[in-house]
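Thank you for making time for this one this morning.

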Amino acid sequence: MALERTLSIIKPDAVAKNVIGEIYSRFEKAGLKVVAAKMKHLSRKEAEGFYAVHRERPFFNALVEFMTSGPVMIQVLEGENAIAKNRELMGATNPKEAAPGTIRADFADSIDANAVHGSDAPETAAVEIAYFFASTEIFSR
Ligand code: RTP
Ligand code: MG
């Protein structure tokens, strides 16, 4: 098993619901460590750049609108199998399909307002982490 890093974002809906701590607690209980974190209100440009892979998708505008609607909490998680482990904790993209006990099942309202983001592969994790954090802002433990 590999020690990995992944980028996690607590989206505006979950920040507004005041569940940052509850979500961090799930990361910690699963053995994931928060090794970098910042709260930020994304500009349109930042959100568009972050989700550039989805540029041509029909939901792109709604996604950017939503991601810029309020502050987000951005963190790097580190641990064994961090990428898959985080995706497991998050649950399916659509909260209606998310397994009971997952973050999206418990805190998400819709496929747009779905509480969290998590990198989906080692390559995207590396790009997404570098998008928000300088290496001096990450504290491996
Ligand atoms: P994320 O990137 O945010 O972690 O979510 P994900 O991997 O589970 O889903 P992805 O396919 O990467 O889509 C990114 C975000 O776009 C919104 N979406 N809307 N209306 C739709 O059909 C639709 N599909 C995706 C979701 O908010 C999703 O998190
Ligand atoms: Mg994705």
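This is a predicted model: local features need pLDDT of at least 70, side-chain atom pairs count only at pLDDT 80 or more; totals for chains, interfaces and linings use all residues.

F59 sits in the loop that runs between α3 (44–50) and α4 (60–67), and it is one of the residues that the UniProt annotation "binding site", from an unreviewed entry, covers, the others being K11, R87, T93, R104 and N114. When we turn to the lining of the largest pocket, we find that it includes K11, F59, R87, T93, R104 and N114.

Let me now take K11 from that list, which is placed in the loop between β1 (3–10) and α1 (12–16). Its relative accessibility is 4%, so K11 counts as buried.

Ligand 1 is surrounded by 14 residues, of which the closest are K11, R87, T93, I111 and N114. As for individual atom pairs, a polar side-chain atom of K11 is 2.9 Å from an oxygen atom of ligand 1, and a polar side-chain atom of R104 lies 3.2 Å from an oxygen atom of ligand 1. With I111 it is the backbone that is involved, as one of its polar backbone atoms is 2.7 Å from an oxygen atom of ligand 1. On its own, ligand 1 has 560 Å² of accessible area, and the protein covers 80% of that.

H117 counts as buried because its relative accessibility is 9%. Not counting residues up to four places away in sequence, H117 touches K11, and also L7, S8, I9, F50, Y51, N86, M90 and E128.

Another residue that has N86 among its contacts is T6, which is found in strand β1. T6 has a relative accessible area of 0%, so it is buried. Beyond four places in sequence, its contacts include Q75, V76 and L77, together with A82, I83, S119, A125 and I129.

I would like to close with the backbone. Most residues other than glycine have a negative phi. A115, which is not a glycine, has a positive phi of about 70°, and its place is in the loop between α6 (103–107) and β4 (116–118). With a relative accessible area of 0%, A115 is buried. N81, which is not a glycine either, has a positive phi of about 55°, and it lies in the loop between β3 (72–80) and α5 (82–90). Is N81 buried or partly exposed? Its relative accessible area is 29%, which means that N81 is partly exposed.

Definitions and conventions: Residues are numbered from 1 along each chain as its sequence is written. Chains are lettered from A and ligands numbered from 1 in the order in which they are written. Side-chain values use heavy atoms; hydrogens and water are left out. UniProt positions are given in the numbering used here, feature names are shortened, and annotations may be inferred rather than shown by experiment. On a 1 Å grid over the protein atoms alone, a cavity is a set of points where a 1.4 Å probe fits but cannot get out, and a pocket is an open set with protein on both sides within 12 Å along at least five of seven lines; lining residues have an atom within 4 Å of a point. Helices (H or I, at least four residues) and strands (E, at least two) are DSSP runs, numbered from the N terminus. Buried means under 20% relative accessible area, exposed over 50%, partly exposed in between (1.4 Å probe, protein chains only). Contact means heavy atoms within 4.5 Å. A residue is near a molecule or strand if one of its heavy atoms lies within 4 Å of it. A polar contact is a pair of N or O atoms within 3.5 Å; within protein, one must be able to donate a hydrogen and the other to accept it, and residues adjacent in sequence count only if both atoms are side-chain atoms. Accessible areas come from the Shrake-Rupley method with a 1.4 Å probe; for residues, only the protein chains shown count as cover.
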